[in-house]
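Here is a short briefing on one protein model. Keep the sequence and the 3D view open while you read.

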Amino acid sequence: MSRMNRSRRGTGAVALGCLMAAVWAGVVGPAAAQGLSDGLRALRERPPEDEVIYFVLPDRFANGVSSNDRGGMTGDRLVTGYDPTDPGFYHGGDLAGLTARLDYIRGLGATALWLAPVFRNKPVQGPPGQESAAYHGYWITDFTHIDPHLGTDLEFRALVDAAHARGMKVYLDIVINHTADVIQYRECAHGDCGYRWARDYPVRRQGGLSGEPINAGFVGNGTAEDFARLTRPDYAYSPYVPAGEEHLKAPAWLNEVGLYHNRGNSAWYGESALDGDFSGLDDLMTEHPRVVQGFIDVYGSWIDTYGIDGFRIDTAKHVNPEFWQAFVPAILERARAAGIPNFHIFGEVYGFEPGELARHTQVDRLPSVLDFAWQRAVQEAVAGASGPDRIARVINADPVYAGGAAAALRLPTFVGNHDMGRIGHLILKDRPDISDAELLDRAALAHAIMVLGRGVPVIYYGDEQGFTGDGDDRRARQDMFQTRTAAYADDRRIGATSGPYDDKADLYLRIAGLTSARAADVRLRRGRVVVRTADQTPGTLAISRLDGGGETLAVFNTSMEARTVNVTVEASSDVWRSLIGACPVRSAAPGVVTLSLPALGYLVCVSESPA
């Protein structure tokens, strides 16, 4: 139950009626109403920078079919993984429920649906007393089928078809770095196995420097001929597969122990960042040609079979660059052959400096990465922890990405997620005592900077309903439906809402207004980015988006005081109209416009070049 009165509305809100029509006219196009084939053609012609992505964990979104809650298994929660009272177990959401709620998502202005992994997972893992379930989807055993907790392959097809019929793309969250924790080591138990470095446990000695010579002639040059000499996987630990799990993984090649590094848990630096097990999860030997081709075949088949529109790549920075250099062009070619020329691939690189992120586009040749640097800069600015100049520094570093500043327009941006926590929680960490009204305005401002700024905005499910959460990871993965988890039920909410899937909730309406404005103005999606003003303390951020046809100016006030500011613009930008807020009719002087912004407010002003 919100503490706020529903009547309060933000200064940056836009009337939805006319602008929702612009979403269809400006982004999806009239072909959407002419049948599925025309709709798909229009959808696939859209470049990635035109999208607004909605990221969802299917288990937590909507329960459409209760019969699959336990994944077709019988027994207690340690067998089935189902316990809707525990944030670490399955709660019953599924693909059927998600399909039934697509209009709710589309009404928010989302044009692409990013699904957390939907592949079959190992339902429960963890040492005794520390077990949890794979509700999140990242403990995959079968990469070829839908997890039965979420539904069936046919229900997945129905979801994709229904999304496409609404002009929405579907992006799959894929995992390559690791599988579920199946392989064990005889030297240790329950995954508590420290990383064994190559300098101490070389591949050509069994169990250490003084061990028996093995794998004669192997040099690690990446060729199939060389890997044929790697016949013993027991150079660091003695790996084995527990009885009954020898054929658990699919495709079958994933059951070969020698296709994993088997060096123990990552220490998160040096070689271990690439070759170590991710908290016990089996780390694949992604430099092996069989693994490279195997994953090209596996994920290529999802494009061929379902017409998937893009991949988000989990833990991308923990995979060797040579893998991506082979995988990405093969997948893009597979997509082109399937008639999907704008297939969007973006990797997860958990780091907050543009140079670190850009390195994976330059060296690994990933087409794009999630913009964690943008997230941190926006978070600090809207919480008042820093000025918006940090956002400007992120934008000014865009040329370091492969493809330069134009490629940065395709970086997915976000303000919170399922790992670090929701933006409401992150604001409250810095400002625990703020009023409900201020919390709503700061959360809305964060989304405004994301949607109206540079890049492809990603809305994390539930943020539009004012979810905050108590922290990161499972504490930020609330149920959209009526929850039975006490830790979720007592969360502080942002803004007014009348219940699940409320399309009149305060933040839903504010975000829908923002996405509508973005859809109505092509420069907000594709225009060249120029930072006009960026204060070093809480204050003004002004960003121009330019093309040959004019200028669109987005201005934000991160301070608690109303401001009147002069902003430099193009000398040719003289006459203005308002897209969001109240803009002046004319510039104050050639090349300067004077704007008034409320506290924590924002404006979007448009000037078209004379014909």
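In which helix does R41 lie? R41 is part of helix α2, residues 36-45. The model is predicted. The points below cover helix packing, then individual residues, then backbone geometry.

- R41 counts as partly exposed, because its relative accessibility is 47%, between the cut-offs of 20% for buried and 50% for exposed.
- R41 and G167 are 126 residues apart in sequence. In space, their C-alpha atoms are 9.8 Å apart.

**Helix α11 and its buried face**
- Helix α11 covers residues 354-362. Its buried residues are P354, L357, A358, H360 and T361.
- Viewed down the axis of α11, these buried residues fall within an arc of 150°, so they line one face of the helix.
- An α-helix has 3.6 residues a turn, so residues three or four places apart point the same way.
- Which helices do the buried residues of α11 pack against? They pack against α12 (372-382) and α13 (389-396).

**The α12 and α13 pair**
- The axes of α12 and α13 come within 8 Å. They cross at roughly 165°.
- Angles over 145 degrees count as roughly antiparallel, and α12 and α13 are therefore roughly antiparallel to each other.
- The crossing of α12 past α13 is left-handed.
- On the α12 side, the contact is made by A373, W374, R376, A377, V378, E380 and A381. On the α13 side, R390, I391, V394 and I395 take part.
- By class, the contact of α12 with α13 has eight nonpolar residues, no polar ones and three charged ones.

**The α16 and α18 pair**
- Helix α16 spans residues 436-452, and helix α18 spans residues 506-520. Their axes come within 10 Å and cross at roughly 20°.
- Angles under 35 degrees count as roughly parallel, which makes α16 roughly parallel to α18.
- α16 passes α18 in a right-handed crossing.
- α16 contributes L440, D441, A443, A444, H447, A448, V451 and L452 to the contact. α18 contributes D506, L507, R510, I511, L514, T515, A517 and R518.
- The contact of α16 with α18 divides into 10 nonpolar, two polar and four charged residues.

**The α6 and α9 pair**
- Helix α6 (residues 153-165) packs with helix α9 (residues 289-306) at an angle of about 65°. The two axes are 11 Å apart.
- D153, F156, R157, V160 and H164 of α6 make the contact with W302, T305 and Y306 of α9.
- Four residues in the contact of α6 with α9 are nonpolar, two are polar and two are charged.

**L541 in strand β15**
- L541 is found in strand β15, residues 540-547.
- Is L541 buried or exposed? L541 is buried, because its relative accessible area is 0%, and the cut-off for buried is under 20%.
- Leaving aside neighbours within four places in sequence, L541 is in contact with P388, I391, T533, A534, A554, V555 and F556.
- One of these, I391, also takes part in the contact of α13 with α12.
- L541 and A381 are 160 residues apart in sequence. Their C-alpha atoms are 9.9 Å apart.

**Y460 in strand β13**
- Y460 sits in strand β13, residues 456-460. Y460 counts as buried, at 1% relative accessibility.
- Not counting residues up to four places away in sequence, Y460 touches F55, L57, G416, N417, H418, R422, A476 and R477.
- Y460 and R393 are 67 residues apart along the chain. Their C-alpha atoms are separated by 25 Å.

**Backbone geometry in loops**
- Which peptide bond is cis, with omega about 0°? The bond that joins A250 and P251 is cis.
- P251 is in the loop between β9 (239-240) and α8 (272-275). W268 is also in the loop between β9 and α8.
- W268 is not a glycine, yet it has a positive phi of about 70°. W268 is partly exposed, with a relative accessible area of 44%.
- Y501 has a positive phi of about 55° and is not a glycine either. Y501 is in the loop between α17 (486-489) and α18.
- Y501 counts as buried, at 12% relative accessibility.

Methods: Residues are numbered from 1 along each chain as its sequence is written. This is a predicted model: local features need pLDDT of at least 70, side-chain atom pairs count only at pLDDT 80 or more; totals for chains, interfaces and linings use all residues. Side-chain values use heavy atoms; hydrogens and water are left out. Buried means under 20% relative accessible area, exposed over 50%, partly exposed in between (1.4 Å probe, protein chains only). Helices (H or I, at least four residues) and strands (E, at least two) are DSSP runs, numbered from the N terminus. The arc is that of the directions from the helix axis to the C-beta atoms. Contact means heavy atoms within 4.5 Å. Axes are lines fitted to C-alpha atoms, for helices over the stretch in contact, and angles run from 0 to 180 degrees between N-to-C directions. Angles under 35 degrees count as roughly parallel, over 145 as roughly antiparallel, 65 to 115 as roughly perpendicular and the rest as oblique. A crossing is left-handed if the near helix is turned anticlockwise from the far one by less than a right angle, and right-handed if clockwise. Ala, Val, Leu, Ile, Met, Phe, Trp, Tyr, Cys and Pro count as nonpolar, Asp, Glu, Lys and Arg as charged, and the others, Gly among them, as polar.
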